[in-house]
Amino acid sequence: MRRLIIGFGICFIATVILIAVYGAWMIHHGFTTRNAPGVLESTLAGSMRDFAIPSRYKSMKSPVTATPDVQREGMEHWADHCATCHANDGSGNTMFGNTMYPRPPDMRRKDTQEMSDGELYYTIQNGIRLSGMPAFGAPGDNDLDSWKLVAFIRHLPSLSQTELSKMEGMNPKSPDEIQEEQEEENFLQGGQAPPQTPHAHHHGKDSQ
Amino acid sequence: MKRRTMIAIFLLTCTSTLLHAHGGMVHVMGTVTGISATSVTVETTDKKAVEVLLTETTAFLNGSKPSNKDELKVGDRVVIHAVKVKDSLQAHEIKFSQGTSAPTH
């Protein structure tokens, strides 16, 4: 019994020291989002998220059949609402995605694709705390737009270049971005360049 | 200091991650003056030499068509959308056109 208590005490003290060292390291480096989360943090956060999804969603099947029309609607929705962070192709390689903490996952990969329809739906509907993922849609299990998004997420790994080009036209753009695109296109076609380059592009997104 | 420590410990014990922040995409516009295995050098329209690093995920577009690094040539006009990482630029997308030369001002 005494050895058990000593063992427990050592583990407890070691954990506290580990947390203190990690905490001191974080404070020293600041709470920047420029670094990607480490393996331990990602694993813990991912596990907590998995635990937090109610079990009934894990076996839930989509009520929507993935017809071309459904995938098209999902694509339009994705390009308009999701691509800013997740990118049109689901890679997460966007201006916002590259500096979020945690980074949006590459949704074409198995970590996402192996999630059940219900888990994807639950994540869209309820978001993920302490990340950049908000809760979309109305509470409940019958938001067809979110189910169509699930169908589109399943299609991400086989997205064609033609579909990607189409999506670029669906991405929301500010008047400044539209003007900037026109200036860049004009330059590529042989026209005069706008006065200052390079410059930081702070408001838009660049998703592909 | 105490407050910051408490915040850090709270966040750690919650195994949490923090909220997102904005970043900036840098646009580099000019003419290609050099291409290597890992980077593209551009003379911008205001005559500055800018090196942009290539990554595995850098996308190439010849006009509006998907392309690759092999099609990019010295002398091509380019518009590069890049992410600033510390003191370097990493290319996210390189859009280029051939057969047009940059104005000399």
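How many bridges join β4(B) to β7(B), and do they run parallel or antiparallel? I looked it up: strand β4 (residues 59-62) of chain B is joined to β7(B) by four bridges, and the two run parallel.

Housekeeping before I go on. This is a predicted model, where local features need pLDDT of at least 70, side-chain atom pairs count only at pLDDT 80 or more, and totals for chains, interfaces and linings use all residues. Residues are numbered from 1 along each chain as its sequence is written, while chains are lettered from A and ligands numbered from 1 in the order in which they are written.

My terms: strands are DSSP runs of E, at least two residues, numbered from the N terminus; two of them pair if DSSP finds at least two bridges between them.

Next I checked β3(B), residues 49-53, which pairs with β7(B) (residues 88-97) in the parallel sense over two bridges. There, Leu53(B) has Gln90(B) as its bridge partner.

Then I turned to β6(B), residues 77-85. Nine bridges join β6(B) to β7(B), and these run antiparallel. I noted Ile80(B) with Ile94(B), and Val85(B) with Ser88(B). The hairpin of the two has two residues between the strands, and Lys86(B) takes a positive phi near 55°.

β6(B) also meets β1(B), residues 25-35, antiparallel over seven bridges. Here Val28(B) partners Ile80(B).
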